[in-house]
Amino acid sequence: MSTPQLVVHRDKELMAQAAAARLITKIVDAQASRGYASIVLTGGRNGNGLLAALAGQPARDAIDWGRLDLWWGDERFLPEGDPERNVTQAREALLDAVPLDPKRVHAMPASDGLYGADVDAAAAGYAEELARSAGPENHGSVPTFDVLMLGVGPDTHVASLFPELPAVRETERTVVGVHGAPKPPPTRVTLTLPAIRSAREVWLLAAGADKAEAAAIALSGAGEIQAPAAGAQGRSRTLWLLDAAAASQLPRALYPPASA
Ligand SMILES: O=C1O[C@H](COP(=O)(O)O)[C@@H](O)[C@H](O)[C@H]1O
């Protein structure tokens, strides 16, 4: 696993713009080298902020949207089209405005979908969908994600892995149902830490003063059961993208030499 690298931006607007530019470059590079890119989206304020910033960048046209696989790190288990669903918010922020191939947009199941209200069956179904897209080099579990993005909650949760809940302890399955999440809605679907750690690059997005304590805890050697963000690492790179407010409680030793 990779050691976390930090980039601190002046404020959340600049962070969203810079992260969007970084993502465009990653996608274009992956498409140039192997024909397609595979990205995992996150919900929450920072994830949606990045997508909205990307929607406004002229360089978005450099992406071949039809050769982009989109997956989700987690989903709030609600009916299709519910405004609180991460996919609904992502569609509004960006996805409805670009020519994606619908077959490559892998939304997590809704609570009125194929699996009805059975969140554990929905999680198993998404795990199967991931496995079907995996190649031999992936050992049959999940495809190679070029970039997997995660918002960081004020309690250090990432995806729907909340401190101390069973999902963050999962070591075998790639996707699980979450019951009793402390943040509404209580029922969710989430990738597990093993699935997250299969990504080439993991980017953690944290902007705002309410994320400062979480960032400091996760980056100061906390355990992943107590601080799930601490366990989110990519195989090649783990990148924390912060604004100054979210970085304000970091130990000085961690502060990156060049901040923008
Ligand atoms: O509920 C969720 O929260 C986290 C963090 O959201 P934020 O608004 O505090 O940035 C998000 O990453 C996750 O996808 C979402 O389901």
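In the predicted model, the axes of H2 and helix H3, the latter spanning residues 86-93, come within 8 Å and cross at roughly 25°. Because an angle under 35 degrees counts as roughly parallel, H2 is to be described as roughly parallel to H3, and the crossing in which H2 passes H3 is right-handed. On the side of H2, the residues that meet H3 are Asn 48, Leu 51, Ala 52 and Ala 55, and their counterparts in H3 are Gln 89, Ala 90 and Ala 93. Sorted by class, this contact of H2 with H3 contains five nonpolar and two polar residues, and no charged residues.

A further helix pair involves H2 together with helix H1, which comprises residues 12-34; the axes of H1 and H2 come within 8 Å and cross at roughly 65°. Since angles of 65 to 115 degrees count as roughly perpendicular, H1 is placed roughly perpendicular to H2, and the crossing of H1 and H2 is right-handed. From H1, the contact draws on Lys 12, Ala 16, Gln 17, Ala 19, Ala 20, Leu 23 and Ile 24, while H2 contributes Gly 49, Leu 50, Ala 53 and Leu 54. By class, the contact of H1 with H2 has eight nonpolar residues, two polar residues and one charged residue.

In total, 15 residues surround the ligand, and the closest of them are Gly 43, Gly 44, Arg 45, Gly 151 and Gly 153. The elements that give two or more residues to this shell are helix H2 (44-55), strand S4 (74-76) and strand S5 (147-151). In terms of class, the shell around the ligand is made up of nine polar, four charged and two nonpolar residues.

Two features of the backbone were noted in loops that involve strand S6. Most residues other than glycine have a negative phi, and most peptide bonds are trans. Ala 159, although it is not a glycine, has a positive phi of about 45°, and this alanine is placed in the loop between S5 and S6. Pro 184 and Pro 185 are joined by a cis peptide bond, for which omega is about -5°; Pro 185 has its place in the loop between strand S6 (175-178) and strand S7 (188-191).

For the chain as a whole, the secondary structure comes to six helices and nine strands. The radius of gyration of the chain is 17 Å, close to the 18 Å that the globule rule gives for 260 residues, and the chain is therefore as compact as a globular protein of that length. Taken along the principal axes, the box filled by the C-alpha atoms of the chain has dimensions of roughly 50 × 40 × 35 Å.

Notes: Residues are numbered from 1 along each chain as its sequence is written. This is a predicted model: local features need pLDDT of at least 70, side-chain atom pairs count only at pLDDT 80 or more; totals for chains, interfaces and linings use all residues. A residue is near a molecule or strand if its C-beta atom, placed from the backbone, lies within 6 Å of it. Helices (H or I, at least four residues) and strands (E, at least two) are DSSP runs, numbered from the N terminus. Ala, Val, Leu, Ile, Met, Phe, Trp, Tyr, Cys and Pro count as nonpolar, Asp, Glu, Lys and Arg as charged, and the others, Gly among them, as polar. Axes are lines fitted to C-alpha atoms, for helices over the stretch in contact, and angles run from 0 to 180 degrees between N-to-C directions. Angles under 35 degrees count as roughly parallel, over 145 as roughly antiparallel, 65 to 115 as roughly perpendicular and the rest as oblique. A crossing is left-handed if the near helix is turned anticlockwise from the far one by less than a right angle, and right-handed if clockwise. Two residues are in contact if their C-beta atoms, placed from the backbone, lie within 7 Å. The radius of gyration is taken over C-alpha atoms; the globule rule is 2.2 Å times the number of residues to the power 0.38.
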